[in-house]
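Hello,

Here is the structure I promised to pass on to you. Please open it first, and then read my notes below.

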Amino acid sequence: MKKTIVACSVLFAAMLSVKQATAQETDGLHHMSKEYVAPTDPLVIRKLDKWQDQRFGLFMHWGPYTLWEEVESWSICPDDWVVRKGPYSADYNVYREAYEKLPNEFNPVDFNPQKWADAAKNAGMRYVVFTTKHHDGFCMFDTKQTDYKITAPNVPFSKNPKANIAKEIFDTFRKDSFMIGAYFSKPDWHSQDFWWKYYPVMGRNTNYNIKMYPEKWAAFKEYTYRQIEELMTNYGKIDILWLDGGWVRPGGKQEIDMPKIAAMGRKNQPGLIVVDREVPGEFENYATPEQTLPEKPLPYPWETCMSMGDSWTYTHTDQMKSSLKLVTLLVKIVSRGGNFLLNIGPSAKGDWTPQAYERLADIGAWMKINGEGIHASRPVAPYSDNNVYYTQAKDSSATYAFYTSDSDVVKLPETVAFTIETPAKIKRVSLLGTKAKLSWKLNNGKLEIKIPKNLQQQSGLKYAAAFKVEA
(Lines give C-alpha, C1' and ligand atoms only; values in the text may rest on other atoms or scores of the structure.)
Protein backbone atom coordinates (compact mmCIF):
# COMPACT_ATOMS: atom_id res chain seq x y z
CA MET A 1 0.00 0.00 0.00
CA LYS A 2 2.65 2.49 1.03
CA LYS A 3 4.68 1.94 -2.13
CA THR A 4 1.61 2.54 -4.25
CA ILE A 5 0.70 5.67 -2.35
CA VAL A 6 4.19 7.09 -2.55
CA ALA A 7 4.35 6.32 -6.25
CA CYS A 8 1.10 8.17 -6.79
CA SER A 9 2.21 11.16 -4.75
CA VAL A 10 5.55 11.42 -6.52
CA LEU A 11 4.22 10.88 -10.02
CA PHE A 12 1.59 13.56 -9.70
CA ALA A 13 3.44 16.17 -7.66
CA ALA A 14 3.21 19.56 -9.31
CA MET A 15 6.80 20.66 -8.84
CA LEU A 16 6.35 24.38 -9.48
CA SER A 17 9.68 26.22 -9.50
CA VAL A 18 11.27 23.41 -7.53
CA LYS A 19 12.16 20.50 -9.80
CA GLN A 20 11.96 19.60 -13.44
CA ALA A 21 9.27 17.02 -14.03
CA THR A 22 10.58 13.57 -14.84
CA ALA A 23 9.61 11.76 -18.03
CA GLN A 24 6.84 10.01 -16.11
CA GLU A 25 5.51 13.26 -14.65
CA THR A 26 5.24 15.45 -17.73
CA ASP A 27 1.63 14.66 -18.66
CA GLY A 28 -0.48 17.47 -17.27
CA LEU A 29 2.30 19.24 -15.34
CA HIS A 30 3.75 22.64 -16.06
CA HIS A 31 5.78 25.54 -14.78
CA MET A 32 3.50 28.55 -14.82
CA SER A 33 5.83 31.33 -13.62
CA LYS A 34 5.88 32.95 -17.08
CA GLU A 35 2.35 31.89 -17.99
CA TYR A 36 0.19 33.15 -15.14
CA VAL A 37 -2.70 35.30 -16.33
CA ALA A 38 -3.93 37.59 -13.59
CA PRO A 39 -7.72 37.95 -13.34
CA THR A 40 -9.28 41.26 -14.35
CA ASP A 41 -12.72 40.79 -12.77
CA PRO A 42 -12.71 43.04 -9.64
CA LEU A 43 -14.83 40.50 -7.75
CA VAL A 44 -12.38 37.69 -8.49
CA ILE A 45 -9.43 39.89 -7.52
CA ARG A 46 -11.14 40.71 -4.21
CA LYS A 47 -12.00 37.05 -3.56
CA LEU A 48 -8.40 35.97 -4.29
CA ASP A 49 -7.12 38.55 -1.81
CA LYS A 50 -9.56 37.27 0.80
CA TRP A 51 -8.52 33.68 0.07
CA GLN A 52 -4.85 34.60 0.55
CA ASP A 53 -5.74 36.03 3.96
CA GLN A 54 -7.01 32.61 5.11
CA ARG A 55 -3.58 30.92 4.64
CA PHE A 56 -4.60 27.51 6.05
CA GLY A 57 -7.24 25.18 4.65
CA LEU A 58 -8.62 21.65 4.90
CA PHE A 59 -8.64 19.25 1.94
CA MET A 60 -10.59 15.99 1.97
CA HIS A 61 -10.37 13.09 -0.51
CA TRP A 62 -13.23 10.70 0.10
CA GLY A 63 -15.22 8.10 -1.79
CA PRO A 64 -16.09 4.38 -1.89
CA TYR A 65 -12.43 3.59 -2.70
CA THR A 66 -11.78 4.03 1.02
CA LEU A 67 -13.38 0.61 1.54
CA TRP A 68 -10.23 -0.85 -0.01
CA GLU A 69 -8.02 1.94 1.43
CA GLU A 70 -7.03 2.43 -2.19
CA VAL A 71 -5.24 5.32 -3.90
CA GLU A 72 -8.33 7.37 -4.79
CA SER A 73 -9.38 6.45 -8.33
CA TRP A 74 -6.00 5.59 -9.72
CA SER A 75 -6.11 1.83 -9.25
CA ILE A 76 -8.58 1.53 -12.16
CA CYS A 77 -6.32 3.56 -14.45
CA PRO A 78 -4.21 1.36 -16.78
CA ASP A 79 -1.23 3.72 -16.80
CA ASP A 80 1.94 1.64 -16.50
CA TRP A 81 2.98 3.03 -13.11
CA VAL A 82 -0.21 1.88 -11.36
CA VAL A 83 0.08 -1.06 -8.96
CA ARG A 84 -3.07 -3.01 -8.16
CA LYS A 85 -3.39 -5.38 -5.24
CA GLY A 86 -5.93 -7.59 -3.53
CA PRO A 87 -8.00 -10.58 -4.66
CA TYR A 88 -9.04 -9.03 -8.00
CA SER A 89 -5.69 -7.62 -9.06
CA ALA A 90 -4.67 -10.40 -11.48
CA ASP A 91 -7.26 -9.34 -14.08
CA TYR A 92 -7.83 -5.65 -14.84
CA ASN A 93 -11.41 -6.13 -16.06
CA VAL A 94 -12.38 -8.20 -13.01
CA TYR A 95 -10.70 -5.63 -10.75
CA ARG A 96 -12.51 -2.69 -12.34
CA GLU A 97 -15.87 -4.43 -12.19
CA ALA A 98 -15.38 -5.13 -8.47
CA TYR A 99 -14.21 -1.53 -7.91
CA GLU A 100 -17.31 -0.11 -9.55
CA LYS A 101 -19.49 -2.16 -7.20
CA LEU A 102 -17.92 -0.60 -4.11
CA PRO A 103 -20.78 1.92 -3.73
CA ASN A 104 -23.04 -1.03 -2.90
CA GLU A 105 -21.11 -1.35 0.39
CA PHE A 106 -20.43 2.30 1.13
CA ASN A 107 -22.13 3.30 4.37
CA PRO A 108 -20.16 5.94 6.34
CA VAL A 109 -22.45 5.94 9.36
CA ASP A 110 -19.97 7.90 11.51
CA PHE A 111 -20.16 10.92 9.19
CA ASN A 112 -20.38 14.06 11.33
CA PRO A 113 -19.23 17.18 9.47
CA GLN A 114 -19.65 19.38 12.55
CA LYS A 115 -16.97 17.35 14.33
CA TRP A 116 -14.60 18.04 11.42
CA ALA A 117 -15.50 21.73 11.24
CA ASP A 118 -14.90 22.16 14.97
CA ALA A 119 -11.47 20.51 14.77
CA ALA A 120 -10.48 22.43 11.66
CA LYS A 121 -11.63 25.78 13.02
CA ASN A 122 -9.77 25.19 16.28
CA ALA A 123 -6.63 24.44 14.24
CA GLY A 124 -6.85 27.82 12.51
CA MET A 125 -8.09 26.46 9.18
CA ARG A 126 -10.33 28.92 7.39
CA TYR A 127 -11.33 27.25 4.13
CA VAL A 128 -12.26 23.76 2.97
CA VAL A 129 -11.95 21.98 -0.38
CA PHE A 130 -13.95 18.77 -0.72
CA THR A 131 -13.85 16.15 -3.49
CA THR A 132 -17.36 16.25 -4.96
CA LYS A 133 -16.20 13.85 -7.70
CA HIS A 134 -12.82 12.20 -8.30
CA HIS A 135 -11.61 10.66 -11.58
CA ASP A 136 -13.57 7.43 -11.05
CA GLY A 137 -16.75 9.44 -11.60
CA PHE A 138 -18.48 8.60 -8.32
CA CYS A 139 -20.33 11.69 -7.11
CA MET A 140 -20.39 12.62 -3.44
CA PHE A 141 -23.32 14.94 -4.18
CA ASP A 142 -26.87 14.46 -5.39
CA THR A 143 -26.29 14.98 -9.10
CA LYS A 144 -29.19 14.43 -11.47
CA GLN A 145 -26.85 13.50 -14.35
CA THR A 146 -25.93 9.96 -13.23
CA ASP A 147 -26.91 7.23 -10.78
CA TYR A 148 -23.25 6.68 -9.87
CA LYS A 149 -23.61 8.78 -6.75
CA ILE A 150 -23.87 8.75 -2.99
CA THR A 151 -27.66 9.25 -3.05
CA ALA A 152 -28.40 6.36 -5.44
CA PRO A 153 -30.77 3.67 -4.03
CA ASN A 154 -28.09 0.96 -4.26
CA VAL A 155 -25.83 2.89 -1.85
CA PRO A 156 -26.66 2.00 1.77
CA PHE A 157 -25.89 5.54 2.95
CA SER A 158 -28.57 6.95 0.60
CA LYS A 159 -31.14 6.29 3.34
CA ASN A 160 -29.25 8.53 5.78
CA PRO A 161 -30.62 12.07 6.37
CA LYS A 162 -27.10 13.36 5.63
CA ALA A 163 -26.79 11.37 2.38
CA ASN A 164 -25.98 14.41 0.23
CA ILE A 165 -22.50 14.51 1.69
CA ALA A 166 -21.09 17.48 -0.23
CA LYS A 167 -24.07 19.64 0.74
CA GLU A 168 -23.77 18.63 4.39
CA ILE A 169 -20.06 19.49 4.43
CA PHE A 170 -20.46 22.79 2.61
CA ASP A 171 -23.40 23.93 4.75
CA THR A 172 -21.69 22.96 8.00
CA PHE A 173 -18.36 24.60 7.25
CA ARG A 174 -19.97 27.70 5.74
CA LYS A 175 -21.93 28.16 8.97
CA ASP A 176 -18.56 28.30 10.73
CA SER A 177 -17.35 31.05 8.36
CA PHE A 178 -15.12 28.86 6.19
CA MET A 179 -14.60 29.72 2.53
CA ILE A 180 -15.96 26.81 0.46
CA GLY A 181 -14.13 24.99 -2.32
CA ALA A 182 -15.62 22.31 -4.58
CA TYR A 183 -13.05 19.87 -5.99
CA PHE A 184 -14.32 18.40 -9.28
CA SER A 185 -12.56 16.01 -11.64
CA LYS A 186 -12.79 16.95 -15.32
CA PRO A 187 -12.07 13.39 -16.51
CA ASP A 188 -14.75 10.86 -15.57
CA TRP A 189 -13.75 7.22 -15.98
CA HIS A 190 -17.27 5.97 -15.29
CA SER A 191 -18.89 7.95 -18.06
CA GLN A 192 -19.54 6.11 -21.33
CA ASP A 193 -18.72 9.37 -23.08
CA PHE A 194 -15.20 9.38 -21.64
CA TRP A 195 -14.27 5.69 -21.31
CA TRP A 196 -16.51 4.01 -23.86
CA LYS A 197 -17.02 0.28 -23.28
CA TYR A 198 -16.89 -0.33 -27.02
CA TYR A 199 -13.10 0.10 -26.89
CA PRO A 200 -10.52 -1.14 -24.38
CA VAL A 201 -9.19 1.41 -21.93
CA MET A 202 -5.57 2.30 -22.70
CA GLY A 203 -4.77 5.07 -20.22
CA ARG A 204 -6.16 8.06 -18.37
CA ASN A 205 -7.42 9.77 -21.53
CA THR A 206 -10.51 9.04 -23.59
CA ASN A 207 -10.34 5.61 -25.23
CA TYR A 208 -11.89 6.74 -28.51
CA ASN A 209 -10.96 9.26 -31.19
CA ILE A 210 -12.82 12.47 -30.38
CA LYS A 211 -12.63 13.63 -34.00
CA MET A 212 -14.24 10.40 -35.19
CA TYR A 213 -16.99 10.53 -32.56
CA PRO A 214 -17.62 14.24 -31.94
CA GLU A 215 -21.14 13.56 -30.70
CA LYS A 216 -19.82 11.50 -27.78
CA TRP A 217 -17.41 14.23 -26.74
CA ALA A 218 -20.15 16.85 -27.09
CA ALA A 219 -22.30 14.73 -24.77
CA PHE A 220 -19.47 14.53 -22.25
CA LYS A 221 -18.96 18.30 -22.34
CA GLU A 222 -22.66 18.82 -21.68
CA TYR A 223 -22.56 16.28 -18.85
CA THR A 224 -19.60 18.06 -17.24
CA TYR A 225 -21.22 21.46 -17.63
CA ARG A 226 -24.48 20.28 -16.07
CA GLN A 227 -22.77 18.72 -13.07
CA ILE A 228 -20.73 21.84 -12.36
CA GLU A 229 -23.89 23.92 -12.84
CA GLU A 230 -25.58 21.82 -10.16
CA LEU A 231 -22.72 22.55 -7.76
CA MET A 232 -22.85 26.25 -8.60
CA THR A 233 -26.61 26.57 -8.07
CA ASN A 234 -27.79 24.02 -5.48
CA TYR A 235 -25.06 24.04 -2.82
CA GLY A 236 -25.05 27.54 -1.39
CA LYS A 237 -22.23 30.03 -1.70
CA ILE A 238 -19.16 28.49 -3.34
CA ASP A 239 -15.88 30.43 -3.31
CA ILE A 240 -13.56 28.10 -5.24
CA LEU A 241 -14.09 25.71 -8.16
CA TRP A 242 -11.03 23.45 -7.87
CA LEU A 243 -10.77 21.46 -11.11
CA ASP A 244 -8.44 18.46 -11.31
CA GLY A 245 -7.29 16.33 -14.24
CA GLY A 246 -5.01 18.71 -16.13
CA TRP A 247 -4.68 16.36 -19.09
CA VAL A 248 -8.24 17.36 -20.06
CA ARG A 249 -7.35 20.68 -21.62
CA PRO A 250 -7.48 22.80 -24.79
CA GLY A 251 -5.21 22.32 -27.78
CA GLY A 252 -6.72 19.10 -29.11
CA LYS A 253 -6.49 17.37 -25.73
CA GLN A 254 -10.11 16.93 -24.70
CA GLU A 255 -11.15 20.57 -24.41
CA ILE A 256 -14.33 21.06 -22.33
CA ASP A 257 -15.07 24.77 -23.01
CA MET A 258 -13.72 26.40 -19.87
CA PRO A 259 -14.89 29.90 -20.91
CA LYS A 260 -18.50 28.66 -20.89
CA ILE A 261 -18.05 26.83 -17.57
CA ALA A 262 -16.33 29.78 -15.88
CA ALA A 263 -18.94 32.26 -17.14
CA MET A 264 -21.74 30.08 -15.81
CA GLY A 265 -19.94 29.62 -12.49
CA ARG A 266 -19.38 33.33 -12.01
CA LYS A 267 -22.91 34.20 -13.05
CA ASN A 268 -24.19 32.01 -10.22
CA GLN A 269 -21.26 32.64 -7.85
CA PRO A 270 -19.93 36.19 -8.42
CA GLY A 271 -16.20 36.42 -7.79
CA LEU A 272 -15.75 32.64 -8.05
CA ILE A 273 -12.08 31.61 -7.96
CA VAL A 274 -11.52 29.08 -10.74
CA VAL A 275 -8.56 26.73 -10.39
CA ASP A 276 -8.19 24.78 -13.63
CA ARG A 277 -5.05 23.31 -12.17
CA GLU A 278 -2.03 22.59 -14.33
CA VAL A 279 -3.61 24.38 -17.31
CA PRO A 280 -1.90 27.79 -17.55
CA GLY A 281 -4.13 30.65 -18.57
CA GLU A 282 -7.04 32.78 -17.44
CA PHE A 283 -8.80 29.93 -15.64
CA GLU A 284 -5.97 28.99 -13.30
CA ASN A 285 -6.42 31.76 -10.76
CA TYR A 286 -3.85 30.24 -8.44
CA ALA A 287 -1.22 27.52 -8.73
CA THR A 288 -1.33 24.25 -6.80
CA PRO A 289 2.07 22.63 -6.19
CA GLU A 290 1.27 19.14 -4.94
CA GLN A 291 3.01 17.41 -2.01
CA THR A 292 5.82 19.97 -2.18
CA LEU A 293 6.56 23.65 -1.71
CA PRO A 294 8.56 26.12 -3.81
CA GLU A 295 12.04 27.01 -2.61
CA LYS A 296 11.25 30.72 -2.80
CA PRO A 297 8.26 33.07 -3.11
CA LEU A 298 6.31 32.89 -6.36
CA PRO A 299 5.07 35.98 -8.22
CA TYR A 300 1.43 34.87 -8.27
CA PRO A 301 -1.11 33.31 -5.86
CA TRP A 302 -0.40 29.71 -4.96
CA GLU A 303 -1.29 26.92 -2.57
CA THR A 304 0.58 23.80 -1.54
CA CYS A 305 -1.82 20.87 -1.34
CA MET A 306 -0.35 18.11 0.80
CA SER A 307 -1.58 15.07 2.70
CA MET A 308 -1.20 14.84 6.47
CA GLY A 309 0.13 11.31 5.99
CA ASP A 310 1.62 9.55 2.97
CA SER A 311 -1.73 9.14 1.22
CA TRP A 312 -4.59 11.32 0.05
CA THR A 313 -6.89 8.46 0.98
CA TYR A 314 -7.54 7.12 4.47
CA THR A 315 -5.43 4.07 5.32
CA HIS A 316 -5.28 2.64 8.80
CA THR A 317 -1.51 2.17 8.46
CA ASP A 318 -0.78 5.70 7.24
CA GLN A 319 2.15 7.49 8.87
CA MET A 320 1.05 10.97 9.88
CA LYS A 321 3.50 13.84 9.72
CA SER A 322 4.46 15.08 13.17
CA SER A 323 2.93 18.25 14.59
CA LEU A 324 6.40 19.80 14.45
CA LYS A 325 6.68 18.97 10.75
CA LEU A 326 3.22 20.35 9.97
CA VAL A 327 3.76 23.63 11.82
CA THR A 328 7.16 24.06 10.16
CA LEU A 329 5.58 23.44 6.74
CA LEU A 330 2.87 26.01 7.48
CA VAL A 331 5.46 28.61 8.48
CA LYS A 332 7.64 27.98 5.41
CA ILE A 333 4.71 28.02 2.98
CA VAL A 334 3.22 31.23 4.35
CA SER A 335 6.64 32.92 4.48
CA ARG A 336 6.88 32.31 0.73
CA GLY A 337 3.45 33.78 0.09
CA GLY A 338 1.48 30.54 -0.24
CA ASN A 339 -1.52 28.92 1.38
CA PHE A 340 -1.37 25.46 2.96
CA LEU A 341 -4.20 23.09 1.99
CA LEU A 342 -3.77 20.09 4.27
CA ASN A 343 -5.55 16.86 3.34
CA ILE A 344 -7.15 14.46 5.80
CA GLY A 345 -8.90 11.44 4.30
CA PRO A 346 -12.01 10.17 6.11
CA SER A 347 -12.40 6.42 6.58
CA ALA A 348 -15.06 4.23 4.97
CA LYS A 349 -17.00 4.56 8.24
CA GLY A 350 -16.88 8.34 7.93
CA ASP A 351 -14.35 9.69 10.40
CA TRP A 352 -10.69 10.65 10.68
CA THR A 353 -8.06 8.77 12.64
CA PRO A 354 -7.48 9.88 16.25
CA GLN A 355 -3.99 10.98 15.16
CA ALA A 356 -5.50 13.49 12.72
CA TYR A 357 -7.50 15.11 15.52
CA GLU A 358 -4.40 15.12 17.73
CA ARG A 359 -2.35 16.90 15.05
CA LEU A 360 -5.03 19.52 14.51
CA ALA A 361 -5.28 20.11 18.28
CA ASP A 362 -1.51 20.62 18.47
CA ILE A 363 -1.57 23.03 15.52
CA GLY A 364 -4.52 24.83 17.08
CA ALA A 365 -2.69 25.39 20.37
CA TRP A 366 0.24 26.82 18.42
CA MET A 367 -2.01 29.00 16.24
CA LYS A 368 -3.74 30.52 19.26
CA ILE A 369 -0.38 32.03 20.17
CA ASN A 370 1.11 32.66 16.74
CA GLY A 371 -1.81 32.88 14.31
CA GLU A 372 -1.55 36.65 13.97
CA GLY A 373 1.68 36.12 12.03
CA ILE A 374 -0.02 33.57 9.74
CA HIS A 375 -3.53 34.80 8.93
CA ALA A 376 -3.77 37.87 6.68
CA SER A 377 0.02 37.97 6.41
CA ARG A 378 2.17 38.62 3.38
CA PRO A 379 5.73 37.55 2.51
CA VAL A 380 8.52 40.01 3.22
CA ALA A 381 12.22 40.10 2.35
CA PRO A 382 14.55 38.47 3.18
CA TYR A 383 11.88 35.69 3.53
CA SER A 384 14.21 33.44 5.55
CA ASP A 385 17.55 33.48 7.34
CA ASN A 386 18.81 30.06 8.42
CA ASN A 387 16.02 28.67 10.66
CA VAL A 388 14.11 31.97 10.80
CA TYR A 389 11.17 32.62 8.46
CA TYR A 390 9.45 35.96 8.00
CA THR A 391 5.92 37.18 7.42
CA GLN A 392 4.48 40.68 7.54
CA ALA A 393 1.13 41.99 8.68
CA LYS A 394 -1.03 43.01 5.72
CA ASP A 395 -0.90 46.67 6.83
CA SER A 396 2.93 46.43 7.25
CA SER A 397 2.64 47.41 10.92
CA ALA A 398 4.63 44.40 12.10
CA THR A 399 7.09 41.81 10.88
CA TYR A 400 7.00 38.31 12.36
CA ALA A 401 10.20 36.28 12.57
CA PHE A 402 9.47 32.60 13.18
CA TYR A 403 12.36 30.86 14.91
CA THR A 404 11.77 27.24 13.94
CA SER A 405 12.85 24.39 16.18
CA ASP A 406 14.29 20.96 15.39
CA SER A 407 12.39 19.48 18.35
CA ASP A 408 8.90 19.88 19.77
CA VAL A 409 10.09 22.20 22.53
CA VAL A 410 11.67 25.47 21.41
CA LYS A 411 15.07 25.98 23.04
CA LEU A 412 16.20 29.56 22.72
CA PRO A 413 19.88 30.58 22.90
CA GLU A 414 21.15 33.50 24.95
CA THR A 415 20.99 35.72 21.86
CA VAL A 416 18.75 35.29 18.83
CA ALA A 417 20.02 37.19 15.80
CA PHE A 418 18.50 37.43 12.36
CA THR A 419 18.59 39.69 9.33
CA ILE A 420 15.93 42.39 9.28
CA GLU A 421 14.92 44.87 6.63
CA THR A 422 15.57 47.85 8.89
CA PRO A 423 12.57 50.17 9.19
CA ALA A 424 13.01 53.85 10.04
CA LYS A 425 12.48 52.95 13.66
CA ILE A 426 11.71 49.77 15.57
CA LYS A 427 9.24 50.58 18.34
CA ARG A 428 8.94 47.23 20.01
CA VAL A 429 10.14 43.64 19.89
CA SER A 430 8.13 40.93 21.65
CA LEU A 431 7.95 37.17 21.79
CA LEU A 432 4.41 35.89 21.18
CA GLY A 433 3.09 33.72 23.97
CA THR A 434 5.22 35.40 26.66
CA LYS A 435 5.15 38.62 28.64
CA ALA A 436 8.92 38.92 28.58
CA LYS A 437 10.48 42.35 28.17
CA LEU A 438 13.19 41.87 25.57
CA SER A 439 16.29 43.97 25.07
CA TRP A 440 17.56 44.23 21.52
CA LYS A 441 19.86 46.15 19.21
CA LEU A 442 20.56 46.50 15.51
CA ASN A 443 24.00 45.40 14.44
CA ASN A 444 25.11 45.39 10.78
CA GLY A 445 21.66 44.60 9.42
CA LYS A 446 20.96 42.02 12.12
CA LEU A 447 18.47 42.32 14.92
CA GLU A 448 20.08 40.89 18.04
CA ILE A 449 17.65 39.95 20.81
CA LYS A 450 18.73 39.03 24.33
CA ILE A 451 16.70 36.14 25.70
CA PRO A 452 16.04 36.15 29.49
CA LYS A 453 17.50 33.12 31.27
CA ASN A 454 14.14 31.75 32.34
CA LEU A 455 13.00 31.69 28.68
CA GLN A 456 16.20 29.99 27.58
CA GLN A 457 15.66 27.19 30.02
CA GLN A 458 11.90 26.80 29.70
CA SER A 459 10.15 28.97 27.15
CA GLY A 460 6.95 26.93 27.22
CA LEU A 461 6.81 27.38 23.45
CA LYS A 462 6.52 24.54 20.93
CA TYR A 463 7.54 23.98 17.30
CA ALA A 464 8.37 27.60 16.38
CA ALA A 465 8.66 30.83 18.36
CA ALA A 466 7.45 34.07 16.78
CA PHE A 467 9.22 37.37 17.40
CA LYS A 468 7.00 40.32 16.60
CA VAL A 469 8.88 43.39 15.39
CA GLU A 470 6.72 46.50 15.39
CA ALA A 471 7.68 49.62 13.47
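In which sense do strand 12 and strand 15 pair, and over how many bridges? Strand 12 and strand 15 (residues 446-450) are antiparallel partners, joined over five bridges.

Before the rest, a word on the source: this is a predicted model, in which local features need pLDDT of at least 70 and side-chain atom pairs count only at pLDDT 80 or more, while totals for chains, interfaces and linings use all residues. Residues are numbered from 1 along each chain as its sequence is written, and side-chain values use heavy atoms, with hydrogens and water left out.

Back to the sheet. Strands here are DSSP runs of E with at least two residues, helices are runs of H or I with at least four, and both are numbered from the N terminus. Two strands count as paired if DSSP finds at least two bridges between them. On that basis, three strands form an open sheet in the order 12-15-14, with antiparallel pairing. Its edges are strand 12 (415-419) and strand 14 (439-443), each of which pairs on one side only. From one strand to the next the twist averages 20 degrees (angles run from 0 to 180 degrees between N-to-C directions, with axes as lines fitted to C-alpha atoms, for helices over the stretch in contact).

Strand 1 (residues 56-60) pairs with strand 2 in the parallel sense over four bridges, and G57 has Y127 as its bridge partner in strand 2. Six bridges join strand 2 to strand 3 (residues 179-185), and these two also run parallel; V129 is bridged to G181 of strand 3. Between strand 2 and strand 3 the chain passes through helix 5 (residues 165-175) in a right-handed β-α-β crossover, that is, with the strands pointing away from the viewer, the path from the first strand over the helix to the second runs clockwise. Seven of the seven residues of strand 2 are buried (buried is under 20% relative accessible area, exposed over 50% and partly exposed in between, with a 1.4 Å probe and protein chains only).

Now the helices. Helix 4 (residues 113-122) packs against helix 9 (residues 354-370) at an angle of about 35 degrees, with the axes 7 Å apart.

Finally, some backbone details. The peptide bond from A381 to P382 is cis, with omega near 5 degrees, and P382 sits in the loop between strand 8 (377-378) and strand 9 (384-385). E69 has a positive phi, near 50 degrees, and is buried at 18% relative accessibility. S396 also has a positive phi, near 65 degrees, but is partly exposed at 43%.

Best wishes
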